[in-house]
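This report describes selected features of one protein chain. Please keep the sequence and the structure in view while reading.

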Amino acid sequence: MTAEAAGRAARLEFSAAPHLDHIEASRFDRPTLVISRDIVARQYAALAQGLGRARIHYAVKANPAPEILQLLAGFGSHFDAASRAEIDACLAAGAEPQQITFGNTIKRANDIAYAHDLGITHFAADASEELEKIAAHAPGADICLRLLVEFETGADWPLSRKFGCTGDKALMLMNRAKELGLTPMGLSFHVGSQTRDPEMWAETLDGVAAVWHAAELAGHQLTMLNIGGGFPASYGQRLLPPEEYAARVMAQVEARFAHVPQLMAEPGRALVAEAGAIVAEVLLVSRKHSHDLHRWVYLDIGMFSGLAETMGEAIRYPLTTCRDGESTGPCVLAGPSCDSADVLYEKQPVHLPIGLKAGDRVILHATGAYTSTYASVGFNGFPPLDVVVV
């Protein structure tokens, strides 16, 4: 499919999304993310169906809007928090401390103590020093050790290298946790955000199973497996329905871990991405020289105001404009800031209407995840992304 044909397909797919009615009927004086509660609820129900006995811990970092957290808390969702602020947001939304896990492997000591004092008992770690901090500030806590993912998963946004440890290191950390009076309760991993093929989980699950069995042989009684996130959202591509994708992953999990009492998953993107659209405005259309084949289209939103996942063109958001239906041509898409890195799509140009000009509205679809949380507070004086939940 050509880039232009893909653009047309995306416009058809997103033309009937419920939150677009609010956008159509409203005026916005700054870039604004509009989120649909109905779509979040639909995605939650679909994933819960496919995940079966695996308990959902929503990855709060994907979108911490209070309305979303309240909605999910009402469904009985649990939450994966990465900071004190996210813990507070979950509690304010109605979650109980036992529904919250402190899943970041890199934590400030006084934040560990804060979580422990609230009654949070589940902490993640991948290093000896982290275990020592947890033992000092959350004595007796349950520990989930995060493993490196060393296999190719096809993720659009890989999460290897920074987080996790090797299997042999995990076994050493289990012993160290016990020495410190902690309870090593299980293992966690993350195949990488936006892993579109469920079959790409197989090698990682085999690797985790090998570490699990080695831990059992060493005398550790593990009770919980956290399969992390990676569940994809559609950015105009054809994907398996979320319930089918989750069910295919769970079939592989159960084949290896049917004896494990507790399973949990941490979807974020799959719950909220398709529920959101950002309303933006064209600030300038230009060409660098008179024979340039590509126009440059500058929006009032860029990498520093919410679109950080365009880095390396990893995530490509479907676009619609107020001039759809007109003839199109290739464009380089960029943000408004005075930073040369603020270019969204250049290696693979986007096709936008030839008549596009300053003041025209552009909507970026499937932007409900990792946009409001990536928006900087006033880089170059541009305001952070507004959020409206309908």
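## Terms and confidence

A residue is called buried when its relative accessible area is under 20%, exposed when that area is over 50%, and partly exposed in between. The structure discussed here is a predicted model.

The mean pLDDT of the protein chain is 93, and 95% of the residues reach 70 or more. Over residues 1-12, however, pLDDT stays under 50, and the model has 9 contacts beyond four places in sequence for this stretch. Where pLDDT is low, the predicted coordinates should not be read in detail.

## Helix α5

Helix α5 comprises residues 84-92, of which Glu86, Ile87 and Cys90 are buried. These residues cover an arc of only 105° around the axis, which puts them on the same side of α5. Ala85 and Ala92, on the other side of the helix, are exposed.

The cover over the buried residues of α5 includes α4 (66-74), β3 (78-81), β4 and α6. After α5 comes glycine 94, which has a positive phi, near 110°.

## Helix α10

Helix α10 runs over residues 242-257. An α-helix has 3.6 residues a turn, so residues three or four places apart point the same way.

Arginine 248 is partly exposed at 36% relative accessible area, and glutamate 244 is partly exposed at 31%.

## Salt bridges of helix α7

The structure holds 14 salt bridges. In one of them, the side chains of glutamate 130 and lysine 107 meet at 3.0 Å, N to O. This pair links distant parts of the chain, since glutamate 130 belongs to helix α7 (residues 128-137) and lysine 107 to the loop between β4 and α6, 23 residues apart. Glutamate 130 counts as buried because its relative accessibility is 5%, and lysine 107 counts as buried at 5% as well. Lys107, Glu130 and Lys133 are linked in a network of salt bridges.

Glutamate 132 forms a salt bridge with arginine 176, with the closest N and O atoms 3.5 Å apart. Here helix α7 is linked to helix α8 (residues 167-179), the partners being 44 residues apart. Glutamate 132 is partly exposed, with a relative accessible area of 35%, and arginine 176 is partly exposed at 27%.

## Residues in loops

Isoleucine 106 lies in the loop between β4 (100-102) and α6 (109-118) and is partly exposed, at 48% relative accessible area. Leaving aside neighbours within four places in sequence, isoleucine 106 is in contact with Glu130, Lys162 and Phe163.

Glutamate 313, in the loop between β11 (295-299) and β12 (319-321), has a positive phi, near 55°, although the residue is not glycine. Tyrosine 370 also has a positive phi near 55° and is found in the loop between β15 (361-365) and β16 (386-389). Glutamate 313 is buried at 14% relative accessible area, and tyrosine 370 is buried at 11%.

Conventions
Residues are numbered from 1 along each chain as its sequence is written. This is a predicted model: local features need pLDDT of at least 70, side-chain atom pairs count only at pLDDT 80 or more; totals for chains, interfaces and linings use all residues. Side-chain values use heavy atoms; hydrogens and water are left out. Helices (H or I, at least four residues) and strands (E, at least two) are DSSP runs, numbered from the N terminus. Buried means under 20% relative accessible area, exposed over 50%, partly exposed in between (1.4 Å probe, protein chains only). pLDDT is the predictor's confidence in each residue, from 0 to 100. Contact means heavy atoms within 4.5 Å. The expected span of a helix is 1.5 Å times one less than its number of residues. The arc is that of the directions from the helix axis to the C-beta atoms. A salt bridge is a side-chain nitrogen of Lys or Arg within 4 Å of a carboxyl oxygen of Asp or Glu.
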